[in-house]
Amino acid sequence: NPLKQGGGRKGLPQSFLNRFTKVYLRKLCQEDLLHVIEAQYSDFFRKLEDSKEISDLPQKMVKFNEILNRGVDNLEFGLRGGPFEINLRDILRWCDFVSNEDTGFFEKDLMLVIYEKMKIVYFVRMRSESDRMFIRKAFSEVFKVNADKLEEISSNVSFYWTEDHIFINDIKVKRGDLKENVEKSPLIIKSQLETLKNMIECVKLSRPVLLCGPADCGKTKCVDLACSMLNQSLDVDTIDDSVTGSFQQIDLNRHLEEVARVVELLVSSTAKKIIISDCVFTDLHRLLRLLDQWEEYNLLLKNVKGSSLKMTVSDEVQLFRDRISQLKKTFAILKDIYKSHEFLEDIDFDRIENVIGNLKKIADSSNSLNTGGHFEWVDSKIVKCLKSGRFICLEHVNMCSSAILDRLNSVFESNGTLLLSEKGISSDNRVEEIAKHKDFRAFLTLDPKNGEISRAMRNRCLEIFMDRDGYTKDDLRHIIFNFGVQNLSMIDGMIRIHERLKGISEFTQFGVNHLFKFALLVVENQTLCLPSKNILKSCGDQEPKDPQLSHAHRSCGFFGWIEAFPRTEN
């Protein structure tokens, strides 16, 4: 790629370039794009030949793509957050979303579907209202429709879910089989519904999502909410130099913990499935025996947690042997239950049994858990998710080097793979190459104030911009109420104080996170049964740790606002 495009690229020396024949490839023109999409989506476009709602759809899609591409090149729009890429990948994604029946292709609302999918690919990445107006205007000119009316319809998102599926507007997505326990479901607020819908559509078509926005705009919360609705577990990680993994000293306890984690998930999911099935009474004895055995394993850890510093080497080895013994008994009961039930999913019991057996052999044949300076390769979180098909959220991806992040470019292709060259070669002189699991999904988050990521990585992801001021007043009321403040006058007063503090100066960056802390302080002071005004004064008396908030308290009459707070019964 050209050196001028940036992204951490390094130029090659002229002495090296002189030994090659240099060939220049121009950008694809409209005829090229039209030829590609007509060839790749010929069946879909053939279905639309008899449709009276729209004609010449491929030509109009290519023309719209070309208008946006020319607008970016001529700096007509897209200055904020640019440079943006409008190329073949985008129009292929657009055709993918429109033609896929799982994401809402219906002939009766074809124009609305085309507009909604255009928003996912082109519209939601823009970071200013003027850029979005440019795109709406271009869509209206090309497709001869009222884009403002379509925008009003498409922004109205409704959803509900059942035990097996989630329905967002016309989209039906199968929910996963979550084995982990969820302590509390995340809060759903109206202003994030459209972003949530776009993310779930991307998940449906296995597209990586890049969430871009300032701090406190709800990027990670949206990812958490999407995974909760899809009933999928989420791993959160940050990119560092060991993006694929690293060599670490062999730790037997780490291997035992990994196996225990797998067994714990199996115990939890098995108990849930048996309890809600018809055979709960016939298998109640075995289920109770399984739970009692797992409780014994947990008690073994709790009893030694307080005295771990006083343990000798022989005590550590004996504890390790006891843990393996209890885990083996739990696994035997679990295996027995799985053999007698067809509704339970197939599990690779042999692999788990082999790991437990190998750990038991090592523990029985040695007098110490010290491996004597031997090292082994340990996969990173993203590699583990690639192999197992889990969801992962990579936070602050623009804080690491572009060269390190672009190591994952091959993963985000349609049939992505990752070459673990850092691991070295295997016994058959081959470098391990990991194929992406079909259930693997990736979410990336970044704050634009810390810079952008490479154009190559942005081009492989579907980018969604989230504004910090996107919360409505009803959203803020919902958030405060969820924290435990139930007096409506108190809630409105807190919102007014928050908005006044935000408007003090453009240098004071007060976000929703400050409102969270405010609500927590109010809830804590409500236990004293004080009047509303006194509660707010008590919260104001506590000197904030944030220097911006401390300056705001001193300089803008914070307590004067509270004096003007309306009197309430409560």
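Ser 206 is partly exposed, with a relative accessible area of 34%; by convention, buried means under 20% relative accessible area, exposed over 50%, and partly exposed in between (1.4 Å probe, protein chains only). The model is a predicted one, in which local features need pLDDT of at least 70 and side-chain atom pairs count only at pLDDT 80 or more, while totals for chains, interfaces and linings use all residues. Residues are numbered from 1 along each chain as its sequence is written, and side-chain values use heavy atoms, with hydrogens and water left out.

**Overall composition**
- The protein has 23 helices and 12 strands, taken as DSSP runs (helices: H or I, at least four residues; strands: E, at least two) numbered from the N terminus.
- Of the 570 residues in the protein, 45% are buried.
- Contacts (heavy atoms within 4.5 Å) between residues at least 6 apart in sequence join residues at least 24 apart in 76% of cases.

**Nonpolar cores**
- A nonpolar core is a set of buried Ala, Val, Leu, Ile, Met, Phe, Trp, Tyr and Cys residues joined through side-chain atoms within 4.5 Å.
- The largest such core has 70 residues, and those with the most contacts inside it are Phe 64, Trp 94, Phe 139 and Phe 143.
- Helix H6 (residues 110-123) supplies the largest share of this core, 10 residues.
- This core lies between domain 1 (14-155) and domain 2 (201-244 + 380-467), because both give residues to it; the domain bounds come from an automatic or database domain assignment.
- A second, separate core of 29 residues includes Cys 385, Ile 392, Leu 408 and Ala 442.

**Loop residues with positive phi**
- Ser 206, in the loop between helix H9 (193-204) and strand S4 (209-212), has a positive phi of about 60 degrees although it is not a glycine.
- Asn 429 also has a positive phi, near 60 degrees, and is not a glycine.
- The loop between strand S9 (417-419) and strand S10 (433-435) holds Asn 429, which counts as exposed at 61% relative accessibility.

**Other loop positions**
- Asp 283, in the loop between helix H11 (252-275) and helix H12 (284-305), is buried, with a relative accessible area of 7%.
- The C-alpha atoms of Asp 283 and Ser 340 are separated by 9.8 Å, although the two residues are 57 residues apart along the chain.
- Phe 20, in the loop between helix H1 (14-17) and helix H2 (30-40), is exposed, with a relative accessible area of 53%.
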